[in-house]
Every structure is written in C-alpha cells, then in structure tokens.
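Welcome to this short tour. Have the sequence and the 3D view open, and let us go through the fold one piece at a time.

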Amino acid sequence: MNVAPDDIEKAACLINSYKSVNHNYLRDDDSYNIWFTVTEENEKKIIETLEEIKSKLAVDDYLFLPSEKTYKIKVGFDLKAGRGGACE
C-alpha cells in the first residue's frame, strides 16, 4: 500500500491490529511504502481483509502478491501482553 508519510504510524497500527497480519514493514518505495503479509484460510478472505484495510485507510491502491508455496508454519507470540502498546 502507499500511505501518506504523515499517516504511516496510524496505518501501521491499523494493519497490525489484524490477527492475520504476520509481517508489516516500511519500504523506501515511491509506489508502495508499507508492505505486509496476510495469512487467511483462502485467497477470497485475504482479498476481503486487504479491501477492508484499504477502505479504512482510504488508500487508492494496493499490490497483491499471493504466495505460490508455503515455506513455514505460522507461530504467534503475544509480546505486548500486559503492556500498553504504541497503538493503544
């Protein structure tokens, strides 16, 4: 997604609020400056999640690059348990 520089923090907080988002990072790219991965049970749900994020952030476009092969299993750790995060 391409997010205005002043909205980067807000966008990162919103994107990170989705349990299906595994990675989220800022890129030095004029077209798409926030890159993230979404894991859902099927491609339809991934696109629904992306469209929801797009709508909430009021961005015009995103780049969807579906994986062709899974190389690892999903593992999640709650690293903010009991602590207020920057997005709260």
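## Before we start

Helices here are DSSP runs of H or I with at least four residues, and strands are runs of E with at least two, numbered from the N terminus. The model you are looking at is predicted.

## The overall plan

The protein chain has 2 helices and 2 strands. Following the sequence, these elements come in the pattern α-β-β-α. Of the 88 residues in the protein chain, 26% are buried.

How much of the contact set links residues 24 or more positions apart? Among contacts in the protein chain with a separation of 6 or more, such pairs account for 46%.

## Two helices side by side

Two packed helices are described by the angle between their axes and the distance between the axes. Helix H1 covers residues 8-16 and helix H2 covers residues 43-57; they pack at an angle of about 150°, and their axes are 11 Å apart. Angles over 145 degrees count as roughly antiparallel, and H1 and H2 are therefore roughly antiparallel to each other. Their crossing is right-handed.

Which residues make the contact? From H1 come Ala11, Leu14 and Ile15, while H2 brings Ile53, Lys56 and Leu57. Sorted by class, this contact of H1 with H2 has 5 nonpolar residues, no polar ones and 1 charged residue.

## What H1 hides

H1 also has a set of buried residues: Ile8, Ala11, Cys13, Leu14 and Ile15.

Next, look at charged side chains. Side chains of opposite charge can pair when their charged atoms come close. The structure holds 2 salt bridges.

One of them joins Glu48 and Lys44, whose closest N and O atoms are 3.4 Å apart. How far apart are Glu48 and Lys44 in helix H2? They are 4 residues apart, so about one helical turn separates them. An α-helix has 3.6 residues a turn, so residues three or four places apart point the same way. Glu48 counts as partly exposed because its relative accessibility is 43%, whereas Lys44, at 60%, counts as exposed.

A salt bridge also links the side chains of Lys56 and Glu52, at 3.5 Å from N to O. Lys56 and Glu52 both sit in helix H2, 4 residues apart, which is about one turn of the helix. Glu52 is partly exposed, with a relative accessible area of 37%.

Most residues other than glycine have a negative phi, and most peptide bonds are trans. Ala58 is in the segment after H2. With a relative accessible area of 65%, Ala58 is exposed.

Ala58 also lets you compare sequence with space: Ala58 and Val3 are 55 residues apart in sequence, and their C-alpha atoms are 9.0 Å apart.

## Ser17, between H1 and E1

Now find Ser17 in the loop between H1 and strand E1 (21-26). Is Ser17 buried or exposed? At 52% relative accessibility, Ser17 counts as exposed.

Ser17 gives another pairing to trace. Ser17 and Cys87 are 70 residues apart along the chain, with 8.6 Å between their C-alpha atoms.

Key:
Residues are numbered from 1 along each chain as its sequence is written. This is a predicted model: local features need pLDDT of at least 70, side-chain atom pairs count only at pLDDT 80 or more; totals for chains, interfaces and linings use all residues. Side-chain values use heavy atoms; hydrogens and water are left out. Axes are lines fitted to C-alpha atoms, for helices over the stretch in contact, and angles run from 0 to 180 degrees between N-to-C directions. Angles under 35 degrees count as roughly parallel, over 145 as roughly antiparallel, 65 to 115 as roughly perpendicular and the rest as oblique. A crossing is left-handed if the near helix is turned anticlockwise from the far one by less than a right angle, and right-handed if clockwise. Contact means heavy atoms within 4.5 Å. Ala, Val, Leu, Ile, Met, Phe, Trp, Tyr, Cys and Pro count as nonpolar, Asp, Glu, Lys and Arg as charged, and the others, Gly among them, as polar. A salt bridge is a side-chain nitrogen of Lys or Arg within 4 Å of a carboxyl oxygen of Asp or Glu. Buried means under 20% relative accessible area, exposed over 50%, partly exposed in between (1.4 Å probe, protein chains only).
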